[in-house]
Amino acid sequence: MSLFKARDWWASVLGEGEEFDQGCLCVGDVDNSGSGYDKIIVGSFMGMLRIFSPHPAKPDEPSEADTQLLEVQFPDPIIQVEMGKFVSCSELLHLAVLHPRKLSVYAVSGTAGNVEHGDQYQLRLVYEHNLQRTACNMTYGPFGGVTGHHFICIQSMDGMLMFFEQETYAFGRFLPGFLLPGPLSYCIRTDSFITVSSARQVECYRYETLAVATDADTRQDSDQQSKSSGKRLTADWTLVLGEEALDICVPSTSSAMSSIFVLGERNLFCLKDNGQIRFMKKLEFNPSCFLPYGSVSEGSTNILMCNHNNMLLVYQDVTLKWAAQLSCVPVAVRVANFPELKGLVVTLSSDGHLQCAYMGTDPSFFTAPKVDAREVNYDEVDTEMKMLQKVIREATKTQDILPRAETEEELTLIAIVSSNLDEVSCAVIPEMNGMPVPSVTVKVKIKSRSTVQSPKMTVCVQPPLAVTQDQFVLESMGSGCELVVRFSAFLNGHYPPADMCGDIAVSYSSATGIPRVSQCKFNLPLRLVCYPSSAIKNAKYKITVDTNKPPVNLTEVFPDFSEKSENNDSSALGFQLITGSRVIVLASKTSQRYRIQSESFEDIWLVAKELVQRFDQHFASLGVKDFRNSFTGPIPLPEYFETVDHHFELRVTAQKYQDLLSERAVQFRAIQRRLLTRFKDKTPGPLQNLDTLMEGTYRQVIALADAAEDNRERLIQAFTRLRSATHLLILLLSLWQGLSSEQTAILEATLLPLLQDTPQLGWEESVDAAVSHLLKTCLSRSPKDQAISLSTGLLTIPKDTSCLKKHITLLCDRLGKGGRLSLSSEANVPTPVMMPVGCESIPEPIVEQEEEPPLQQDAAKYIKKKQPSKRIKSKSDSSKESSKEKKEKDSGKEKEPKVSSKESKKESSKESSKESKRESTKESKEPSAREKESSKESGKEKTKVSRKSSVKVKEKKSEAGDS
């Protein structure tokens, strides 16, 4: 912001609700008075033409009505006004007014008044041209070197240049490669026209070239223009700008050299008349208009530039000389001379603020008062300095990259979900599976602490849930205002949802114009997607949740489901999902366990989540602080993997449908080309059953498209069921190991990285990469096994889900052994935990043996001297080592579940043979000197490892003997 402000000399507001643009302002001696002073001509899009002769108001004059000379209302909008010698029989200045379909030339004359009302001015039409095409802008000048007269060139919206030699229409030419009109200007020195095309390049066309080019009475293609009479229109030179141009100006400051100024969106270009760049100025603001004019110093040009920050800048070439603050954003700027002051800056804004200003400063008569001489207390100064240094240190310590949020938000949101369902349901589908679909009302209270502008509220729920209205455009709110918005949520799909949560976001602008967003969440009731039903004792899938408190009455925990239940048994409750199976909750009468069972594995999720949450709320209301839910296992991974396989099969099927569709589409287009060739042939011939083949291909394309669409719908349902099953798995893992909220969040981000599947990125590859990352970092066996560099390859759909299943199984196993989820590299050593009673750890598969060597191999690439490579061995060494490792692992896994000895022997023999082959091939490629050194080092390291492992085995045996 500038320290200086433009000093108002005269100002006026033109009309109400009128709009103006950069071509609507013109200054000059339009009435040919000969005084040398200028008048201001302003035209608006409303068709109003005004002429002003401004002068500052005197103290004894109450109004400024005499400054307006003329005001005329035209029936058509005024696009541009220009002043020049447009009449053939006169060298006086006339006014040219451009309308969308008409060009009119007027003579402005004034008559001296005999009374106190002053002079009288009138507007007389000299001639006009009706345009066949809609005009965009115009320019004028002595085209072709004519003297004493000005011709007019009008650019139409479809790219035609129409030339008028005063009262007669000369010719019209179409610009080549035209798409959208741009600014247009005329260069007197080279007799050429400069414009900026939609290709973002400056193009120059000579008047002579335009005159002899192909006639453009009717628009023709480039091929037709080459065949018709006349030369093809080509540009004299072009220059690529790379951005849109706002305006072009060619000031006539010197006859020896002319400069072309082009104002872009972010840069100011100054070009020579041959297209070479003289200089370029990068702007740090958004410009609105500019005006080059003559400078006092020779060889330079002054530029007035206005921007959208209400600033008026004065440049001498590329050097900023002055900056002043304006009261509005101008769209046009001119320099004019008036009786009392010369060189005034005339600006016009888009809403009609006309201002004449100068950039001087008023003298300041303020004098600083004398400072009283007093002695300085150095102790107080020293104390104040220490305090300020302490404040600076604290500020630098707590400095963040992003500014901290304010303690009190400008807008607060509170979402209240009704406790009762709507009496009249708002659901789009009124009935599913013979059951009515209910809806529930959500009330959102919006309260503002300060002024809020243009608030817009967006509601988002996960499908198949839907709301009656998800977009709300609200009115601006003042300080302390409160607004209530209501909408209803309901089920809108034939499958159960995976999440009953919803998000509300309100975007708004603060009083200072800063965009802000306020958010809140709401939870929909379980009653929205299920009804109470009778309990069934047997089911396919069962999950048991343990607590540390005596069993409670389920009717107290679920009062909304117990009222309409068919039986009065307080130890069993049934939940019939509207679009799913029946879920039963059974409470044990003797133990502290609760069983959740259903015929569908993923349908258990919503009821299990609700049960755990309501248990926490119930015991918290009773004042119990040490209540805890737990899960004793085993983790239902086989049931979970069935859902994963079903989702993956649908993804593979979708890819097959996509490939088949592309093949049939290629075949269909090839048949069309063949048929088109036959139909274009002058000599008719047989179609050779191409029409039958095309009809059959068309039916195949339609059938494949229908099948792909049906598969897509089933894939959406399968992904929602997969999300439900994954939520259930995360819940069971957190209850099994007692994970904290941070660890549960990491696990949820790992197993649920996507909200929806896309053809480019699917759930399987995303989860596989995330789980592999955890296994190589925080869940690695030891810091030595931690991966130094992780693979960053492209994620593509896998061939099958076997690798994903192994990684998820290994993740659960590492968590069961005390692994700790953390994003920091320090938490990679598993901490021993006490396993709950009845909990069996998942046996670690042989996959782990296949995973660790690649990790060690990656680490060995970066650590050469400190950690010698273990991979360069002979065949005999590898076979011995594999036998030793097998003995050590067998001795170390005494307390773990046993794996069949036959399978372990087969797998270990296969692994040893594979590793020996790989190592032998590597051994042949490396130099012999490195082989000897590495073999010595690896031998030393093997003895160390074997000693450590033997000590661990002895310790475990001694502990077993003591127990």
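## Strands β37 and β38

β37 pairs with strand β38 (residues 515-523) in the antiparallel sense, over nine bridges. Strands here are DSSP runs of E with at least two residues, numbered from the N terminus. Two strands pair if DSSP finds at least two bridges between them. Cys501 stands opposite Asn523 in β38. The hairpin of β37 and β38 has five residues between the strands, and Gly513 in this hairpin takes a positive phi near 90°.

This is a predicted model: local features need pLDDT of at least 70, side-chain atom pairs count only at pLDDT 80 or more, and totals for chains, interfaces and linings use all residues. Residues are numbered from 1 along each chain as its sequence is written, and side-chain values use heavy atoms, with hydrogens and water left out.

## Two faces of β37

In a regular strand the side chains alternate between the two faces of the sheet. Strand β37 (residues 501-509) has a covered face with Gly502, Ile504, Val506 and Tyr508. Its uncovered face holds Cys501, Asp503, Ala505, Ser507 and Ser509.

β37 also pairs with β33, in the antiparallel sense over seven bridges. There, Ile504 is the bridge partner of Val459.

## Backbone exceptions

Most residues other than glycine have a negative phi, and most peptide bonds are trans. A cis peptide bond joins Pro463 and Pro464, with omega about 15°. Pro464 lies in the loop between β33 (453-461) and β34 (465-467).

Asn32 is not a glycine, yet its phi is positive, about 55°. Asn32 sits in the loop between β2 (25-28) and β3 (39-43). Gln166 has a positive phi near 60°. Its loop runs between β12 (160-165) and β13 (168-174).

Key:
Helix = DSSP H or I, 4+ residues; strand = E, 2+ residues; numbered from the N terminus. Buried < 20%, exposed > 50% of the residue type's maximum accessible area, 1.4 Å probe, protein only.
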